[in-house]
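Here is a friendly walk through one model, taken topic by topic. Please keep the viewer open as you read.

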Amino acid sequence: MERSRLGAEISTTLESLLSPLMDTLSRISTNIYLPVRKGDKSLQLLLRLLQLSATPRRQPAGDQEADDVTVAMEKLFLKLVDPVQEFILRRLCGELQELFDVERAQLYLRVLKQLVDMGVKILPSVFPKLVSYSLAVLQEPTQVPSVTNQVSRAVSMASLSAVCCLLERGGSCVSSDAISALKSLNHYFCATIASSECPLSLANINKSLMKPQLTNGSSDLEVQGLLQQDWGCIAAQFLRDQWICLNFLIKAEGIPEPVEISPETLRAALSCGVEALSLLPSDLVLPVFDSMKTVLPQLVHDEEELCVQAVTLSWELVLGLSTNAHDFWPALSAFISMAFQHKLLKPTPTEASAVMVALKQIATELLELSQSKSGVFGILLQHCCYTWLPKHQGGSEQADNEVFSSVFSHVDVIAEACVYGPVFRRDQRLSQDVQIYVEQLGDECAANVAVSSDNRDDQLPRTCVLAFLSRLDPADQQHKRLMEELVMQLLKKDSNISKSKVRYHSNSLQHRVKNRVWQTLLLLLPKLREEFVATLLNHVFEAGFQSNQASVKYLIEWTMVLILLKYPQHVDRFWTCFNLDHEQTKTSVCTFLSVLVHFSVILPHVKDKTVQLRKALDVILQSCFSHNFSVRLYSLLALKKVWSLTERLQEEEEMDAFTGISSVVKACLNQAEAMQNTGNANKNWMRIQSHFFFGAFHPVRDYSVETIFYTFLSLSEVSDDEWIPPWKFEKLSSFSESPSFPLRNPAPDLGQLQPGDWVQQDRSEQDKEERWAEVQKKITPWRLGIQDQEPELQLVPPQRAARLGKQNGALLVVASLIDKPTNLGGLCRTCEIFGASCLVLDSLHHINDKHFQSLSVSSELWLPLLEVKPVELIDFLQVKKSEGYCIVGVEQTANSRSLQDYQFPERSLLLLGNEREGIPANLLQLLDVCVEIPQQGVIRSLNVHVSAALLIWEYTRQHLTSGSSKVG
């Protein structure tokens, strides 16, 4: 009752508030004296109100007031839809003939689309009349292009495209008159012509508007101005609308009696599409891409050369938009949807098609682009994984297999996706962290409007491909083949990194790639067949002998445990790993000893437990006598775990098979436990026992997505931008979890731990380095690792310096009067080190001089450089003065000030003189101050580079040194 009363009050209030608008709209189609401007403003207000009512808004539970307002408003407007439709039809059919009317037509068509979106039934006469009138206008011959006939053509084409869009949405019932009109539309757009230049094309596609000739001379200056500014946009939209209509006709979706399109018409459409890519502005090519998406699969075998041309030109257009974020992302999504279809991805039975070769090259270029443009590779992987994804609902299994078979031509793309992930700078990571936090807030976010971010998630390619792999069925032959090919490619990537001469450090790109390889292998391991695992085991053991970061070792060890658990017949191959030359294996034997720490998981599945325990004790006791402390420590831990199993087995089976070594083992363990008086040895013994991998972690119980991709990394102290939280997989509908491979870890123990301070690592080389702790150390002043600098090398120096994230001052150093490359090279290095904002040279050609480069040591790559000729210095200095810079000269004059007493303003410009003549007299008059360096010696002056370095350091000391890195 209360709700009904509240609704009535809202309805009454709205009706009173909107009565002027309602009155105007009710008479809009019948009142011929109604001012056009008033009618247009009323329709603008109506459109905005309808858009607001259609926008979904989050409301607190139980708050229905906003919904009541929306319902009441829609009821009011539904009374007016007929007069509004009649008015729009009348205006579009002949009344719009002025240049300003093109914009009015867009308003009327938007209102019509909004009504359809609301579910309003369109009057039966609207679509047929609009199509018939528009076609009649477009088919009229044009002698002299006037404003009236060209505007009528533009409005008519816009009307046809709007009708096609509305019919494609299925928002209106298609009457028999509408079907007849569509056949006329098909005849108009799909008519083909042949010429000497183009063998076959569509007669009325890619037709442009002619620029109107004004009949009243130059009297109407406003109309002339509009023609100069806006006619290009109107003509481009006219061309775009043609492709919207053609795309609708080719698809023929939602039409009871679809018109048939001949193969000749399809070939002509693709040929015209290639031509349209060069005619249309880049922001209006989406309808062309949409048409090509329908046409390409039907012509890929018969017109391969034309298809390659279409795909290649489309990619070049998209690539050209990479600096235009507004147009790039929609164009990229449309292109990928068009080009990467399974019929185009699949090779022919005899050889790879030219289209597929072109697509492989484009995929490579997309991957390269994604290293500098976040989110690119994710769009490709989302589309491809969805295309290849097994679909069991609807369609036949044979059709699914045919679609899936195209993946084998692109296993390298899948492999790259498994290890994909650029290394981010600190500022990029901060932006991503904020975005992730806001996404996790969900409905609790305090923002009124959620705006999508252009900073796309670079973990998306991995999560997409991992979700795709989780859906693979080991019983399916094609799926089995894909998994095996992928595993071998991933192992090859891991092996290449291990065998390379480059020494990688924690959280470097190489470290991350190896992590991702073994994470993917852990995900796929339960799906691999036994025969393949038998061949795989040698690669796994070989990886165990390599020098790896701690997190990678834990993953390899986990893989070994799971393999020996599932296939215990291979345990003898595991024992052979301890028989290799110990000098060659160095401390890598710790990896295999770590597996024995979890021998309790493997032992129940082996046949002869006593024999296997004896072998385990043999290899462990041998390692207990190693000269390396880490090996001895791991051996003692493994001995403690394995001996407890031995004692339990002896109690259960009442045997004394291990009596002979019992005293030796207990003596070793007692010695280990008695380390409390041996300083660091005791600390290490306690730390390794409490470490997560040897304590709380259980290889079977903790086997989950969360552990592999999130918990393990956090506990291994891998950088947090490498962690993939479980909710990212939950967002993907394609992800498939099972009882044997859950998304979240069923046991909370592991997730509640904090990273320990025991780091497992090879010490063979590092032990030698630690003897020389106090050695020269070069640091990077900004907070970037070497791996973070690699993507920046692809940028020009000013962009690179702007994106570095290092701390720069406002000091501008002008060296246009210096001509010796050695001085300029040293000066460039000094400016870069101390964070000058820019170095000005008389010519940028200096940076190619070998003498310059020998002293600059690549600093020119990280410092913005500017070219100002000596003759241009006066104008340059005057401009900088007007910008607020203090012009400081390095010169001895009558009024010069001592460097030790001078306080540099923040915006300072340092002008350096020539090596011989110093600063010319005409430039001295422009200086705000001259600064000289106090001297104690006989020689009159310092080298210009040395003088500049002293002043630059003093400026740095005054403005930048607080909180920044020291330079030594």
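## Confidence

Within the chain of this predicted model, confidence is lowest in helix 36 (residues 766–770), with a mean of 37, and highest in strand 3 (residues 812–814), at 95. The score is pLDDT, the predictor's confidence in each residue on a scale from 0 to 100. Helices (H or I, at least four residues) and strands (E, at least two) are DSSP runs, numbered from the N terminus. For the chain, the mean pLDDT is 79, and 79% of residues reach 70 or more.

Residues 801–805 have a pLDDT below 50, and this stretch has 11 contacts beyond near neighbours in sequence (contact: heavy atoms within 4.5 Å). Residues 962–968 are also below 50, with six such contacts in the model. Where pLDDT is low, predicted coordinates should not be read in detail.

In this predicted model, residues are numbered from 1 along each chain as its sequence is written, and local features need pLDDT of at least 70. Side-chain atom pairs count only at pLDDT 80 or more, while totals for chains, interfaces and linings use all residues; side-chain values use heavy atoms, leaving out hydrogens and water.

## Around strand 9

Strand 6 (residues 886–890) runs parallel to strand 9 (residues 929–932), joined by three bridges (strands pair if DSSP finds at least two). Here Val888 stands opposite Val929. Strand 7 (residues 897–898) also pairs with strand 9 in the parallel sense, over two bridges, and Arg897 stands opposite Val931.

## Aromatic pairs

The structure holds 37 aromatic pairs (ring centres of Phe, Tyr and Trp, its six-membered ring, within 6.5 Å; planes under 30 degrees apart are stacked, over 60 edge-to-face, the rest tilted). Phe87 and Tyr108 are edge-to-face, at 5.7 Å centre to centre and 80° between planes. This pair links helix 5 (residues 81–95) with helix 6 (residues 101–117), and both residues are buried.

Conventions:
Buried means under 20% relative accessible area, exposed over 50%, partly exposed in between (1.4 Å probe, protein chains only).
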